[in-house]
Amino acid sequence: MSEDREERPLDREERPPDREEHYLDREEHYLDREEHYLELCENPVQFENASSVNNVFFDEANKQVFAVRSGGATGVVVKGPDDKSSVAFRMDDRGEVKCIKFSIGNKILAVQRTLKSVVLPDKRSLKQLKSQSINVNWYQFCPETAVLLLSTTVQGNVLQPFAFKVRAGSGTMSKMSKFEIELPVVPKPAKLSLSERDIAMATIYGQMFVMYLKHHSRTNSPTAEVVLYHLPREGVCKKTHVLKLNTTGKFALNIVDNLVVVHHQSSQTSLIFDIKLKEPDCAVNTHQPVLPARSIHPYRIPLAGPAVVPSQPPIPCQLYSSSWSVFQPDIIISASEGYLWYLQVKLPPTVNLLQDKGKLMDFLLRRRECKMVILSVCSQSGEKGRLPIVATVFDKLNQVYKEYLEAEQSYTAAVESGPSRGSAAPKRPVRTQAVVDQSDMYTHVLSPFTERKGVSHKFIIAVLMEYIRSLNQFQITVQHFLYELVIKTLVQHGRFYMLHQFLQYHVLSDSKPLACLLLSLESTYAPAHQLSLDMLKRLSTANDEIVEVLLSKQQVLGALRFIRSVGGHDNVSSRKFLDAARQTGDQMLFYTVFRSFQQRNQRLRGSPGFNPGEHCEEHVVHFKQLFGDQALIKPSTV
Amino acid sequence: VLTAARMASGMQEKQYTPSLLNFFVYNPTFGQKEGEEEKKILFYHPSDVEKNEKIRNVGLCEAIVQFTRTFCPTKPAKSLHTQKNRQFFFEPEDNFWIVMVVRNPMIEKPNKDGKPPTVEYQEEEIIDTVYGAVVKQCYSMYKLFNGTFGRQMEAGGVELLIQKLEKFFYRYLQTLHLQSCDLLDVFGGISFFPLDKMTYLKIQSFVNRVEESLSLIKYTAFLYNDQLIWSGLEQDDMRILYKYLTTSLFPRHSEPELAGRDSPLRPEVAGNLLHYGRFLTGPTNLKDPEAKFRFPKIFVSTEDGYEELHLIVYKAMSAAACFMISASVELTRDFCEQLDGLVGPQLTLLASDICEQFTVNRRISGPEKEPQFKFIYFNHMNLAEKSTIHMRKTASVCLTSVHPDLMKILGDINCDFARVDEDEEIIVKAMTDYWVVGKKSDQRELYVILNQKNANLIEVNEEVKRLCATQFNNIFFLD
């Protein structure tokens, strides 16, 4: 495997596939299939494989593969990262093509046939905008960041970066501060010691890095390592991370999902590194692989086209072949087979490979497609985990969840306060998959967990409480459905006293729905009534509900005293109270309530009578029947 | 017991507080044959009473109970008032009776001319509900450590029961302080430690983790400052265990602490963690090669009867955790060391967390919010009890800061409340110019003592409303 960037056709070597070996290989891989955490994408870009008549080129900037047949005379097929960007054309064969590229948007084609000249078939002219005079050993260009890296000095280890800015009509090129790569051995006499192959540029977690593959040397480091130099737009480039490979040999680098992937050819395995994962046992910023080395998931080339015989199985593809070319950030090309793959990280296998669940969560939370895997980790730790682990997992989740909620909150605040001068419009925070909210947890983890057979209810409740503890710790408002789940679980197992204590310490926060839920429990657990009323009282917005509860309990005087104490007496419906008083069958009670409302009417309207809108006629009749006309307060008694 | 001597009209009077005369347990179905009456008696205090007198006293109680049964078969007599004493009858299990005889408080007035002093019994000073509750408590405490009478009968017949009763009550009765029994004994409540949600959740988490790591533990209770924070036991069991912890076990251990005799900070060799954890039951020193790993056993109710448990009480600073483990398991040095190593550091940390939280809250609420009222609050629903009348309990006495006369009024109001279901409010002006207010709202009772000589009824009512608004604003308490 080479990491050649020379502008030359990709490997055209045809190797007789070694069937026997492949077969064994495949068997082995299948045994531990669950452990392959890297895979080639399912829909590779397919092109005509490199051969004596077909030259293949790859343009990193546009991610396009050029298949040039017979120097272009019998056709050039250009395939981009998606099917739509495929282009085919012919051009005259004017000698061997050394390099061929499109400009952005496929507007201009450039062909290089000799060492020092580039042909633009449309006969356009180029203009020199700026020039720099430096002795250069080799160069690299990173299309994502538009940074050009030049190798200078005799040893080649002083790198001079340039930043390009392309705008419509013009562009700028600025010199960034140069930096020196530490070589393992300083050769004497001085000679070119830093190879282009050992340098790659990448963007990791939004930051630009120069990765240096530092081979082992007999004198100091026994194994190879990847050294990361952080290259800021402004300021000095610094050595920031060292990735320990713990082996020697030929390596190639990819960046996938902000992970540094190191392929090791002789062992046919790959390692992944997460520069944000702190290693407690290592010196600062020295990283060990996140997971044990594993090979990329076996890949079989599908047999396409009309020639396909149904019984014929797809051919296994040789991984880590020496004809592979690896490009940044995540591209692997097999020119001899005519495929361009994107490398992908498969998260599910990592769950079993990484025993430290806290570290696993840290790792998963930074991955793109993490949600379902995270939820499955949560379910698993609920199943067989131990509470401290469960707690760690919850805390890590809620940390991310809280950060998102806060970002969302300040965004909303910024939007509401309107655009302020001098500051850019607020940017809505991106909700990544790592944001696992309460309803995710409820639906995928907690609710199924409470229904699982064979788990002690003690443990179920402990897990639920642990989640609530974690939410509280991060000052996240707990949503009602979680409380409901807790209550349901406690009630189901008859743990009423436990529930009572939780409510007593306000662990289940007050809300009207919760109070109503408690009311519904009264028949099975009498104290729920008191708990509910207390809660309604604390809410201070539920006075009507309190009145309803008291009236339903035939505590008419209590209801009346309550509504008076909160100053709502003037606005309550007299009919409701009279209905309730009459229902008790207690005539004196009815008398008291009736008279009390007559007095209210007198005070409010100067007359003791009820308004027609109050619909109290039947109660007036009833009162007269019981106590006679003379018992009514008369208007004249003002 | 001589507790107070006061000068009255030039003569020295001696006042005697109520005291325990007799305490016995009998079963009328035993020894029914003529001449075998003694067999009915399972326990008798004082033990040096002559046999025939014991038989006579038991017989009398039996007769009274039988006689009163004719009037109300389901509710026989609960107490008998006489001039000199008062007897309390309680049948905790079928045919097993506990009787407590309390001598009424009395005043001894010396007479001139060398005549014997005149004794004046204060028959009305004793409240039935208070001492009735004390008898029930005696039984509950016995049951906590021994299980039911019936269980002992099954296990070892009447001989075993007699032995157990003797062993338990011999010591327990010495700790009964009848002179300081009051309304709080009627409630038999639990004082809860006020705590913010987050710290409470941390304690939850701690309890759950310990129970998970040491899976032998079936139940856990957590207390701070002798106040309950968490109980894994059901309410009724916790109620009596709480009583035992706060009136017996903790006071016994707090005294050496207060005296500064043992400073139990122990450097842990292995993890090099300092912690203050120690066992209040079981081994006093784990390092002692002779240490015994025996813990008191308690009985708690289950869905179908009772279960016997080891009671491990482990304390770090003011935080105490009670761990209960099935008695069928033998507890070993290994287990205790494991528990010590796991719980000690965590509990020490939690204790300091709680302490910090507590001081912060104190500072926020401020001293001006401290009630100028003396009150007792009780909630029948969760047994929560709060008193600003009672001082800290010690092993020997429970001190109150108000005059016994006022306590008596509180007891009387409570009796009134017990008679009806309705919410009520009673305001009493005491002889000593104090106002005493009792309020009952749903399952809650509140008793307030106000020292406002010149206040009128309306002002007192307003004052109590104010108290409710500040002290009880987070509960539904009808005005």
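Colleague: Is B:Glu308 buried or exposed, or something in between?

Modeller: This is a predicted model, and every value here is computed from it. B:Glu308 has 29%, so it is partly exposed.

Colleague: Which residue forms a salt bridge with B:Glu308?

Modeller: The general idea is to look for a Lys or Arg nitrogen within 4 Å of an Asp or Glu carboxyl oxygen. For B:Glu308 the partner is B:Arg151, with the closest N and O atoms 3.5 Å apart. B:Glu308 sits in strand β16 of chain B and B:Arg151 in helix α3 of chain B, so the bridge ties together parts 157 residues apart in sequence. B:Arg151 is partly exposed too, at 33% relative accessibility.

Colleague: Which residues join into one network through salt bridges that share partners?

Modeller: They are A:Asp257, A:Asp274, A:Arg366, A:Arg367 and A:Arg368.

Colleague: How many salt bridges does the structure hold over all chains?

Modeller: The total is 45. One of them pairs A:Glu35 with A:Arg294, at 2.5 Å between the closest N and O atoms. A:Glu35 lies in the loop between α1 and β1 of chain A, and A:Arg294 in the loop between β22 and β23 of chain A, so this pair ties together parts 259 residues apart in sequence. A:Glu35 is partly exposed, at 25% relative accessibility.

Colleague: What does B:Glu62 form a salt bridge with?

Modeller: With B:Lys40, and the closest N and O atoms are 3.3 Å apart. B:Glu62 belongs to helix α1 of chain B, while B:Lys40 is in the loop between β3 and β4 of chain B, 22 residues away. Now check burial. Under 20% relative accessible area counts as buried. B:Lys40 has 11%, so it is buried.

Colleague: What share of chain B counts as buried?

Modeller: Of its 479 residues, 49%. Chain B has 9 helices and 24 strands. Take the contacts in chain B with a separation of 6 or more: 58% of them join residues 24 or more positions apart.

Colleague: Now a helix. Which residues of α14 in chain A are buried?

Modeller: Start with the general idea. An α-helix has 3.6 residues a turn, so residues three or four places apart point the same way. In α14 of chain A, residues 574–583, the buried ones are A:Ser574, A:Phe577, A:Leu578, A:Ala580 and A:Ala581. Seen down the axis of α14(A), they fall within an arc of 165°, so they line one face of the helix. Their cover includes α12, α13, α15 and α16 of chain A. After α14(A) comes A:Gly585, with a positive phi near 75°.

Colleague: How many residues of chain B are in contact with chain A?

Modeller: 38 residues of chain B touch 40 of chain A. The two chains bury about 3,400 Å² between them, 54% of it on carbon and sulfur atoms. B:Lys197, B:Glu212 and B:Phe476 supply 20% of the area that chain B buries there, more than any other three residues.

Colleague: How many salt bridges does the rule find across this interface?

Modeller: There are 4. One of them joins the side chains of B:Glu212 and A:Arg386, at 3.9 Å from N to O.

Colleague: Which elements give two or more residues to the side of chain B that touches chain A?

Modeller: They are α5, β10 and β11 of chain B. The largest share, 11 residues, comes from α5(B). By class, that side has 17 nonpolar, 12 polar and 9 charged residues.

Key. Residues are numbered from 1 along each chain as its sequence is written. Chains are lettered from A and ligands numbered from 1 in the order in which they are written. This is a predicted model: local features need pLDDT of at least 70, side-chain atom pairs count only at pLDDT 80 or more; totals for chains, interfaces and linings use all residues. Side-chain values use heavy atoms; hydrogens and water are left out. Contact means heavy atoms within 4.5 Å. Buried area is the accessible area (1.4 Å probe) that two parts lose on being put together, summed over both. Helices (H or I, at least four residues) and strands (E, at least two) are DSSP runs, numbered from the N terminus. Ala, Val, Leu, Ile, Met, Phe, Trp, Tyr, Cys and Pro count as nonpolar, Asp, Glu, Lys and Arg as charged, and the others, Gly among them, as polar. Buried means under 20% relative accessible area, exposed over 50%, partly exposed in between (1.4 Å probe, protein chains only). The arc is that of the directions from the helix axis to the C-beta atoms.
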